[in-house]
Amino acid sequence: MTATVSNLALRKAQTRDLRTDLDLTRDELSYLLDLTAQVKAAPSRYYNALSNRYLTLLFEKPSLRTRLTFELAIKQLGGDAVAVIGPIGNREPVKDIARNLDRWSNALVARVYSQDTIEQLAHWSKAPVINALSDTHHPCQALADVFTLGEKLGTLEGRKVAFIGDGNNVAHSLMLCCARLGANFAIACPAGYEPKESIVEQARAFGASTGAIVEVTRDPYAAVVAADAVYTDVWASMGQEAEAEERSVIFEPYQVNEKLMAAGPPHMMFMHCLPAKAGQEVTEAVAEGGNSVIFDQAENRLHAQKALLLMMLD
């Protein structure tokens with residue numbers, strides 16, 4: 001992140017929707033991170049930047065950070081938001097929901113079970129659709145994460161991020177963003193829980209041009225060697241509750257604990273998208289330790305989403 005508070009002119013994203021991380025070009029991703037720094041440093045400059053703009057928040061899943069940061073983001077930019085909680089497409093087709101909401105809203109923010117719901121909303125809505133979490137991607141989390149990494153490390157180029165546990169939506173988005181920004185990425189997961197091969201291939205293709213190395217391994221201790229940050233997520237995400245007991249056995253060797261932290265460099269940060277289950281994927285000592293930046297990540301959700309809204313809303 002190289003921008004200063006005084007020198008960054010506001011640019012609009014070329015994309016209409018943020019369905020996946022790749023809807024933003026690499027240049028737009030870098031610009032968004034610079035804009036996030038500016039928004040965080042001088043929030044009063046943007047108080048009325050999106051006056052009279054309104055978001056509809058469609059949330060099939062419970063949420064604390066995602067819902068609150070989007071609501072606060074649009075309100076602090078001069079607009080407002082309305083939340084619709086519950087299943088999407090049960091009472092009426094997704095295409096009808098989209099074509100109603102785009103008449104009333106300037107953008108739809110959707111936290112859903114299926115990526116297909118995001119794709120349908122984006123296809124039918126004339127207003128921008130922002131993926132606030134699906135089963136495949138979590139782009140808004142990744143934006144805050146790579147901003148936090150840049151804030152702490154100065155640059156992502158040549159740095160290394162290790163992800164321990166399930167190759168899930170958070171891992172997918174973080175992997176793609178890191179590879180595009182030149183950060184090496186190593187993910188350690190049990191057999192059968194690897195990230196999607198198509199996404200690994202995409203990340204490696206980006207790495208070919210940025211110099212980033214993307215590794216998939218079974219060994220969490222190998223993953224954290226020379227890592228600047230180690231990241232984990234819950235072993236059973238929302239919608240996987242029936243698998244929780246089985247997963248707790250399978251993922252036990254992938255707990256981020258004091259022993260694993262000691263295998264990495266002394267400065268290695270601990271990251272988590274939250275909520276965390278202390279005693280499962282991470283120990284209390286690590287989550288609350290001096291290397292933990294989990295609440296910095298949570299705060300930066302607000303700033304990164306402000307920057308995203310500034311770029312995407314007319």
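Two exercises on a predicted model follow, each with a worked solution.

Residues are numbered from 1 along each chain as its sequence is written, and side-chain values use heavy atoms, without hydrogens and water. Local features need pLDDT of at least 70, side-chain atom pairs count only at pLDDT 80 or more, and totals for chains, interfaces and linings use all residues.

**Exercise 1.** Determine how helix H2 and helix H12 cross and which residues make the contact.

Solution. 
1. Helices are DSSP runs (H or I, at least four residues), numbered from the N terminus. H2 covers residues 65-76 and H12 residues 294-312.
2. Their axes come within 9 Å and cross at roughly 50°. Axes are lines fitted to C-alpha atoms over the stretch in contact, with angles from 0 to 180 degrees between N-to-C directions.
3. From H2, the contact (heavy atoms within 4.5 Å) involves Arg65, Thr66, Thr69, Phe70, Leu72, Ala73, Ile74 and Gln76. H12 contributes Ala298, Arg301, Leu302, Gln305, Lys306 and Leu309.

**Exercise 2.** State the volume of the largest cavity and identify its lining residues.

Solution. 
1. A cavity is a set of points on a 1 Å grid over the protein atoms alone where a 1.4 Å probe fits but cannot get out. The volume is the space filled by probe spheres set on the points, which are joined across faces, edges and corners.
2. The count is one cavity of 30 Å³ or more, and the largest cavity has a volume of about 40 Å³.
3. Its lining residues (an atom within 4 Å of a point) are Leu18, Asp21, Leu24, Leu29, Pro139, Leu143, Cys177 and Arg180.
4. Helix H5 (139-153) and helix H6 (169-180) are the elements that give two or more residues to this lining.

How values were computed. 1 Å grid on protein atoms, 1.4 Å probe; cavity = no way out; pocket = protein on both sides within 12 Å on 5 of 7 lines; lining within 4 Å.
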